[in-house]
Amino acid sequence: TADLGDPGPDVQWFRCMDWGYNQPGVCYWVACLPDGRLYVRHEYWFRQTLVADVAREIATRTAQWGIGHVRYTVADGHMFDVTGTGETMAETSARAGVTLLRADNSKGSRPQGWQRLRHWLTLAPDRKPWLVIHPSCQYLIRTLPALVSDASSPDDVDTHGDDHGADALRYGVMSRPSPTRIDKATQAPKAGTWGWWRQWHARQERRSGVLA
């Protein structure tokens, strides 16, 4: 875990969620940093909360935290289950303001997902982890290391354990997240703006060695 500070206004995010009503549910806000890292910055744990209320809370927190560009919200595939003609949980969430992308719940996806998560937990060439979890994400920090393998399927985890945070994160890393690409050329302030004048004065200082 580490606090990497404010990712900045240009960084893009995604959200990943595991649904639960009587069982816990959890949502994470993950920043896709330009250096290729994933930064799990915020956590929302909920229980016995209606789908619409969860969606509204997610939207409210996103705005409060000043998170601008959310690429998508990948969620538990059971939220998309169609049992007849009634509205699915995914449809309810969309009506409440949070459109969901169905997570990969296909056959064999669980072992594949854990392998992807193990990849993200390895160290980058600079010896720092590819995936960083902010210290405020206490539920994930507590439950992720406590997972154990399933006795009958060693490449999966024991689902009797508290795996909801890990499941949400597994959905996230299986969604093929990519780094934020920041075009430096587009970041230059327009001529005549306050930012442009500040840069002009800074260049004059460097050239003359005195305060411009």
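Guide: Let's start with a definition: helices (H or I, at least four residues) and strands (E, at least two) are DSSP runs, numbered from the N terminus. With that, the elements of this chain, from the N terminus on, run β-β-β-α-β-α-β-α-β-α-α-α. That gives 6 helices and 6 strands. Keep in mind that this is a predicted model, where local features need pLDDT of at least 70 and side-chain atom pairs count only at pLDDT 80 or more, while totals for chains, interfaces and linings use all residues. Residues are numbered from 1 along each chain as its sequence is written, and side-chain values use heavy atoms, with hydrogens and water left out.

Visitor: How do I read the sheet, and in what order do the strands form it?

Guide: In general, strands of a sheet pair through backbone hydrogen bonds, either parallel or antiparallel. Here, two strands count as paired if DSSP finds at least two bridges between them. In this model 6 strands form an open sheet with mixed pairing, in the order β5-β4-β1-β2-β3-β6. β5 (101-102) and β6 (131-133) stand at the edges with a single partner strand each, so one side of each has no neighbour in the sheet.

Visitor: In which sense do β3 and β6 pair?

Guide: Strand β3 (residues 38-46) and β6 pair in the parallel sense, over 3 bridges. For one spot to look at, find Leu38, whose bridge partner in β6 is Leu131.

Visitor: Which strands does helix α1 lie across?

Guide: Helix α1 (residues 51-64) lies across β1 (12-18), β2 (25-32), β3 and β4 (70-75), and runs at about 140° to β3. For such angles, axes are lines fitted to C-alpha atoms, for helices over the stretch in contact, and angles run from 0 to 180 degrees between N-to-C directions. Contact means heavy atoms within 4.5 Å.

Visitor: Now helices. Which residues of α3 are buried?

Guide: The general idea: an α-helix has 3.6 residues a turn, so residues three or four places apart point the same way. Buried means under 20% relative accessible area, exposed over 50%, and partly exposed in between (1.4 Å probe, protein chains only). In α3, Ser109, Gly113, Trp114, Leu117 and Trp120 are buried. Looking down the axis of α3, these buried residues fall within an arc of 135°, so they line one face of the helix. That arc is the one of the directions from the helix axis to the C-beta atoms. Their cover includes β3, β6 and α5 (164-173).

Visitor: And α5 itself, how many of its residues are buried?

Guide: In α5, 10 of the 10 residues are buried, so the helix is largely enclosed by the rest of the structure. Among them are His164, Asp167, Arg170 and Tyr171. For the chain as a whole, buried residues make up 42% of the 212 residues.

Visitor: Is Asp163 buried or exposed?

Guide: Asp163 is buried, with a relative accessible area of 4%. This residue lies in the loop between α4 (138-143) and α5. Leaving aside neighbours within four places in sequence, Asp163 is in contact with Arg110, Leu147 and Val157.
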